[in-house]
Structures are given as structure tokens and as C-alpha cells.
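Open the model in a viewer and keep the sequence beside it. The stops below say what to select next and what is there.

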Amino acid sequence: MLIKLTGGAVYDPASGIDGVKQDIYIQDGRVVNKPVGDFKVDKEYDLNGKIVMSGAIDMHTHIGGGKGNIARTLLPEDHRQDPVHRTDICRSGCGHAMPSTFVTGYRYAEMGYTAGFEPAVLPVNARQAHMEMADIPILDKGGYVLLGSDDYLLRMLTAKKDQKAINDYVAFTMQAAKAIGVKVVNPGGINAFKFNQRKLDLDEQNSHYGVTPREILQVLATAIKELGVSHPLHVHGCNLGVPGNMDTTLNTIQGIGGLPMHLTHIQFHSYGTEGDFKFSSGAAQIAEAVNKNKNITIDVGQILFGQTVTASGDNMRQHANYKHASPNKWVTMDIECDAGCGVVPFKYKDQNFVNALQWAIGLETFLLVDDPWRIFLTTDHPNGAPFTSYPHLIRLLMDRSFRNDVLATIHPEAQKMTTLASIDREYSLQEIAIMTRAGAARLIGLQDRGGLSAGNWADITVYTDNADRQKMFEKPDYVFKDGELVVVDGKVVHTKWGTTHVVKPDYDLSVEKDLQAYFDRFLTMKLGNFKISDDEITEDGRGSLTVHPLKGDVA
Amino acid sequence: MAEITEVPSPFCGIGTDDLTIQVNGVSLKVVENGCAVNSPAFEQAITDTSARVDGKEVSLEAAVAKAAALLKDTNQPVIGGCATDVNGMRALLALADRSGAVVDNMNFTGARNNFLALQDSGWMNTTLAEVKNRCDLLLVVGVDLESFSPRFFERYLWNEESMFLDDTGKREIIYLGKAPSGNASTSPGGRKASVFECTNGDLPDVIAVLRALVKGNPIRVDSVGGIAVADLQAIADKLKAASYSVVTWAAGALAYSQAELTVQTLSEMIKDINNLDTRSSGLPLGGKEGDQTANQVCGWTTGYPARTRFSSGFPEYDPYLNDTNFLLNNGEADALVWVQAFNAKAVPPVTDLPTIVVGRSGMTFAKEPDVFIPVGTPGIDHAGHAYRMDNVVAIRLKKLRESGLPSTFDVLHAIEQAL
């Protein structure tokens, strides 16, 4: 079937097209060039006056894995506020802070998103992450596997194993867990918490292993580079949420020595200690460092006011913050000599000084980082806010007067501590398209996604231009996934199943010999039962794997 | 005859995956690393191979059609049992969503003791590999651990080496409440567990006093539930002195009213210990016959654990009112679907309502159900996934033989499609 999208204004930063009126042809799920000679269009959509972008990609969203399901189980009262009825097309479920899997897929698609990436896949919990994501309809998905607090790596560092051995282990783990990237959370800190350490600075030693977070970051970032994995090491740094942690973050940027590194939810790591409350914005210094260091990318982890739940691998910092739990209940777990997790419900309040300033710090960061190819739009769903608040966040970025109106309503002391009112910048549609489409696809290393030129998969979102950007982005006219129309006027009209994006870096098979001995001696399952097979993703007839090239591969 | 190694078990809850099983046609024999729970569960013979309607053998298609016909005009069917693998639960929840059913896992009344505590105040828990490598003090509350999991001590306490303990034999084991039925908790060097027995009825008081002692609150009695307060003080002191104590309980074994408060007191005590400059974690036992699996899959599909109704067109969780037996006894259900792919002895409650059983081959019924469809067992007749007790690790179940039995998924999906 040949589909023609006629006359829309196309924003396709991947091809350098910025609001140009263009026709798009779709055949067999992909964008194609205008056929030559005589041809018949089977279905035409008149998009005159409409805005066309590729489907949006959330490069950091907690949509699959054990901590999310703990968050769901913890909060029945939150689900009861947002029941989702079954329809002829859609399954029932729940929404709001931590939606059910089916509702996650529907609501992302209804905002024009066609892919989401789970950033914290514990190797030992990777099956669960993939099984949950297998029940998210419409979206493509993928995961970054968590390393850095696992005892195997720390033992390797203590034993001074060479970089090649570490690369093999990283590649093995990526393949075993079916990952497209590697994340490190509070490097070594989750492990240190098990030894009763309650904080771990960048150069502080793990009391058992003598290894520092800085060393962990260096070997993992090096491994990613040497393996040719496109997505840079994805880093949730030390000291999340601690006033003064911007120094740690600046030090982390300097310390990586030019290696590619992605600093995630940087808002939570951009705090100073100025002012009467000893809590201030470090956004300007952080943005300056990001602007200067081209090897660094960031996503923001914007907070927005209201009830949510924080679900993190960082059990050390989550435990330190449990007193802020609202409602007052929380969970931490130590997990399998592999990692950990912590789940703490949060209610961010605009009249709370700290929350109000966190809100401003996130926005300052967005507005002070120059290059939209190196900054990404996230709320660290659900940690800063549920993903359903993205259209509101986009309006805050694109509409200065709206932003200043909201700013005028937050805690007055926080207003005094932010430069936000003096920042004139408004994001353009093209910059939004870079952050949420082309840039995200490039950062993750997705081939044939995030663009609208011929050869790309036809993940396409069509909006009606509206000066109220929140209204515009929360209700697309059409969303196509792999060329199939899935959303009309902001409602799902058809569902399908997306693919799972992975990379498969090579490793020396001899690494499995050491690992097998380690599993038999110290862990609780056989190595052969730990590795996830391709079947497990595909055997239900819905899932599929898409393997992306490594850097240096011939495409 | 074939021999399959590294076989994972969905039966014992602790994720043993080192079984060696001999396969001879459709008969299985556990030849290595069996136990009193796993060996009989694997070795049970296939007796029923065809479906029945009203006691008469019919084709699978006919049984599915009959099941769909029975469900077609119901207002509130109950799907009980819910003992199957991840894919089976997926199909079960799709069927419940379509038919407006109540979903209720058969072990939920026990598990409720954990869920109510979790949903009210939360907890700090750990998993089996952390126990194996870190635990220097294990406090076992209200359960005979070795009859629950015969190989628990062998695999996770008396392992030859651990990463962080010089000598695993020096771990201290304390029982509070129930006494152990055997010697599994005795260390290889002969060190016996300390045992402080009390009745289930006294356990809430005993645990409350223990928590008070951990917090340093004064206690004005000398004994509680027959246990000297001095002994409880000694346990409290050991919990505070340990580097990584683990407190374990089985929600289902706390079989008394409001036992969720005992779980909550234990969990809050663990939090208290973590604020006294050391580490401690909880380890709830469970994971048998798909109970964690049911709650996990229902959790991501609906937001709620597996005692949830769909009769209003969206999921509604009620840990009391959605109980299968409560609904049957109060006349609030109009059909029963019983799903139990693991245990042929776990048969449905007897009811006059139309009854459909999707069960392990070999079930015998006091009253023949309207429809009985024998299904394969996950991890024996087909591959699949099941969660073990610590709720983090989903084990990959293997297919061991070619029995021709359909999976739970196949059957429930077919019924859903026929509706």
C-alpha cells in the first residue's frame, strides 16, 4: 500500500529540513521517495496547515523492570485516581504516576511518541524488564543495562584486570541482557550501601574493594568506546539530590577525560549551597561545562509539581531521602550482588522552596545549554513527573510569557534564587524536534529511526499548529507507527507491537569460563540460565529484535 | 532416554536450577539435586490427555467452545487458582479483561499479609544471592523453613564459600515462633540453631517486644508468649551487632487474623536496625506455584496485585472482597474458572456454578467440572517464565518432553478469542 502525506510543514532535523512544505510517501512501513512514472496512491492524507515530525523517542523513561512494578504495587491509591476503561481497541489498566504497561503504550502514542528506552535494566532482572516492555503496545523499546555496583566488575577492578577483560565482560552482559547501552547508577554506591556506607563521593573508596566511582566511570566509558557502542556511557552520578553536588558533577565531567559520557537527569545533580537555605542553582555552571565539553550529553530530569513516585537503582540515595516520602511508605532492595533499587513516592510542591527551585533549575538547564543535539527532554519518568506532562514541559520551553507566569506563582524565595525570569530563550519547533527525535535517535544509535528521509521507518506524528504548545503536543492529529495509522485526534485507533532495539558487541568467549565459575561459586543461578535467548523476546509472535550497527561497522 | 541438566524448578520458590532430569518418553526422573518438593512435582505422571465436557472426552476445540459458551453471558465470573507461568497469566488477564472477571491467586490470602504491610509502610528487602554472600545472622520468624524449602540452607547458608564471609559455618541461625522440623539449619560444623518457640497467637506480642528492644524502649515484663525478655534482648543485641542480618518469614504461615501487622512490625524493625549504623534486610518467602508470577504480571498489566476485578470495565483491587471463596459463598459470582498448571492436588472449591478447570493433568474432582482441559506444566511440557520468591529473578523454564498437552496460554487465549 502506498500512502501519501500531502502538504505538511516538515520538521526533520536529521535531514536539515526546518518547516518546509513537503510530501511524504510511505510504503511497506518505510518512508520512500516519490515513485517514478505512473503510480497509484492508495491512501492520501491532506496535511496542509499541519506540522509533521517523526515519532518522538523518549531516551530515558522507567517503563520496564522490577522497581517500576514495586512502585505500582506500592500505590493502589494513585491508580484509583486514574482508572482506564477497556475499549474495543484497548485493554483496561491504570494511569497517572506509574501506569500499567498497556496504558503506557497508549498514552505515549497518543502524545506522538513511538519509542521509549528503559535506562536501568539490572542484568539479573533484565528478563522482567523485557517481559514488561513486551506488554507495552505500539512503542519500540530497548534498555541500558546497569553495571558498576556488581561485585563481578568490582572484583575485576580490585584484581587489576586489564581493559580488554572488562570490555569482554561489558559486551557479554549487554548481549546476555539484550541491551542497547550501558548505564551506571551511583557508581559503586549501590554496592557500598550493602557494606553500610551511606555516601560515596567521586574519589571515595568502597570500603571492601577500595575502588572509587571515578575508576568505575573511566573503565566503563572506555569499554563503551572501545566496543564501538554508539550510546555513550549513561551516567546517574554520585550524590543525587545532595546540596553542593554540582561540584561532583563538574568533577565528573572533567574526570572522564574527553570520553563520550551521557549525564542523566542532571537537574538532580546541579545543586549549590548558597543562600539562606543552603540550597541553590548550579545550572549555569553545569550548562557552561556542558557547552564547553563536546563529549558530554545530558538529559534534564525536569520536575513538575504534583504527586509522583521515584523509582531508582540508587538505593543508597533513596534510603537517605526516605523521610521525604509522600505518602509515607517506601521500599529499598539489595539485589543479587548485582545492584539494588529504591522506591519513594514524592509530591513535588510549588510552595516548597526546594521543590520550586528544583523546577527552576531544570528549566534553567534547558535554556542555558546551547546545543539541542546534546540535551534531551526528560522528566526521568516517573521520578521528576509522569511522562504525560511532556506537552506542558514543551510549552514551558517554547513560551516565555507562560513560563514567567508559572514562575510568578512558585515559592517566593525560590523565585529570588533563580535567573529564569531573565532568560529570553524560547525553543523553536525544530529544536524540540532535535531533542525529542533526531538527536535522541542519534544518541542511542538507532538506524532508520528519528528521521523522515527515504529509508527511515515511517514513525510519523502530525500536529495542528497551535500557539498553545501544550494543546498542540498533547493531541496529535495522526500518529503512524511503522507506516500503520495508530492514533487519530489524540486517541488510539489501532494497536500493533514495536520492536526491541539492541546492539551485539563481540566478546571473547573465554570470558564465560570465568563467569561460569563465579556464578557457580557465588550466585544463585547457572550462567546458562542467566543469559536471555532471542526466543524469549520473539517466541510469543509479537516481539522482534532489531540489531543496530556498532561504530566502525560497515553499514 | 535423554538427560537434561541445569533444569530450573517452578515448584520450590527458591529458584533451584541445578536439577538433572532423565526423560524417558513422557516420564521424568530427577536424578540429581532433587528434594521432597521438587522430585514428586516433576515426576508426577500424565494421566489425562484429553479435555472433557460434562465428564465426556471431547476435542480441545469442543472444550474451548463450551467454556466460551459458559462464560458468554456471565456478569461476574471468578478466575481462581491463577497458578501458571508469565504467558499463562498474560492470557488469563486478557480473558478476565474481556469477560469482566475477578482474578484471584489461590495464595493471595496468605500473601495479603505482605501486601497490606507493603502498601501501608513499605520495607527493606534483599534477595537470595545477597543472603548467600553477606548474611551473618538469619532470623526465621514463624515458619519451618526447611519444610517450606528443603534446600534453602544447603544452597544459601551452608554454601562452601561466600564473597564476604570467611567461614559460612559461623553464620548464626535463630528461630522465633516455630521450631525447625529437621537439622537443615545445623551448620556443617554441627552448630545448631537457637530456637525460641511460641504459638502463632503470641507471635504479634513477641515481635512487638523484639522491635521495642531494638529501639531501646523499656519493657516491664519478664517474659512474653513464654519467651524470656532477656532472650529477646539477646536477639535484639545480635541484630544490632550483625553486619548484614536477614529476617525471613512466610506470609502464608502467619495464619492468624491481622498478621499483616506482624509483617509490618518486622519490616519497621528492619528499618530501625538500618538506622543504627548497620545493615539488615527482610526476605519474604513465597514463589510457589506461580504466586509471585501472578502478582507480578497482574501488577504490570493492571497496577494491582492478583486479587483484582474487571467487572466495571477497568481493574479494581480489593484484597478482601475479591476473594474467590468469599465471592462464591456470597453468591456474587456466576461462574468459576480454575487455572492450576502446577499442582494436580490443588483442585477448585466445590460450587454449583458453571465450572471450567484448566489444570494439570491428573486432577481428581469431588464434583466433575462442566469443562476440564488438562494443560502442560510450565517448565516440563513447555518453556516459560516464573518468578522465584525474591520477586526479582524470573527463571527461564525449560521444555523437557513432548507431551502434546497445550499450554495455559494456548487454552485461555483460545477461550478469549472465542468470546
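**Between the two domains of chain B**

Start with chain B, where eight residues of domain 1 are in contact with nine residues of domain 2; two residues are in contact if their C-beta atoms, placed from the backbone, lie within 7 Å. On the domain 1 side of chain B, the residues that touch domain 2 are four nonpolar, two polar and two charged. Here Ala, Val, Leu, Ile, Met, Phe, Trp, Tyr, Cys and Pro count as nonpolar, Asp, Glu, Lys and Arg as charged, and the others, Gly among them, as polar. To colour the domains of chain B, select 45–107 + 289–418 for domain 1 and 111–285 for domain 2; the bounds come from an automatic or database domain assignment. The C-alpha centres of these two domains of chain B lie 34 Å apart.

This is a predicted model: local features need pLDDT of at least 70, side-chain atom pairs count only at pLDDT 80 or more, and totals for chains, interfaces and linings use all residues. Residues are numbered from 1 along each chain as its sequence is written, while chains are lettered from A and ligands numbered from 1 in the order in which they are written.

**The nine-stranded sheet of chain B**

Next, show chain B as a cartoon. Helices (H or I, at least four residues) and strands (E, at least two) are DSSP runs, numbered from the N terminus. An open sheet of nine strands in chain B has the order E5-E4-E20-E19-E18-E6-E7-E16-E17, with mixed pairing. At its edges are strand E5 (56–58) and strand E17 (316–317) of chain B; each has a single partner strand, so one side of each is left without a neighbour in the sheet. Two strands pair if DSSP finds at least two bridges between them.

Select 102–104 and 307–309 of chain B: these are strands E7 and E16, which pair in the antiparallel sense over three bridges. B:Val103 stands opposite B:Thr308 of E16(B).

**Where chain B meets chain A**

Show both chains. In all, 49 residues of chain B are in contact with 47 residues of chain A. Which helix of chain B gives the most to the side that touches chain A? H5(B) does, with six residues. The residues on this side of chain B divide into 19 nonpolar, 19 polar and eleven charged.

The bridge partner of A:Trp330 in E8(B) is B:Gly122.

**Inside chain A**

Now hide chain B. Chain A has 20 helices and 26 strands, and 59% of its 555 residues count as buried. A residue is buried if 20 or more other C-beta atoms lie within 10 Å of its own, exposed if 12 or fewer, and partly exposed in between, with C-beta atoms placed from the backbone. The C-alpha trace of chain A spans about 70 × 60 × 45 Å along its principal axes.

Select 113–121 of chain A, strand E9: nine of its nine residues are buried. Strand E6 (residues 56–58) of chain A runs parallel to E9(A), joined to it by three bridges, and A:Ala56 stands opposite A:Tyr113. E9(A) also pairs in the parallel sense with strand E10 (residues 140–146) of chain A, over five bridges; there A:Val121 stands opposite A:Val145.

Go on to helix H1 (residues 66–74) of chain A, where nine of the nine residues are buried, so the helix is largely enclosed by the rest of the structure. Among them are A:Lys67 and A:Arg72.

**Backbone details**

Most residues other than glycine have a negative phi, and most peptide bonds are trans. A cis peptide bond joins A:Ser326 and A:Pro327, with omega about -5°; A:Pro327 lies in the loop between helix H11 (315–320) and E18 of chain A. Another cis peptide bond joins A:His381 and A:Pro382.

A:Asp482 is not a glycine, yet has a positive phi of about 50°. A:Asp482 is buried, with 21 other C-beta atoms within 10 Å. The last stop is B:Asn33, with phi near 65°, in the loop between strand E3 (27–32) and helix H1 (38–43) of chain B.
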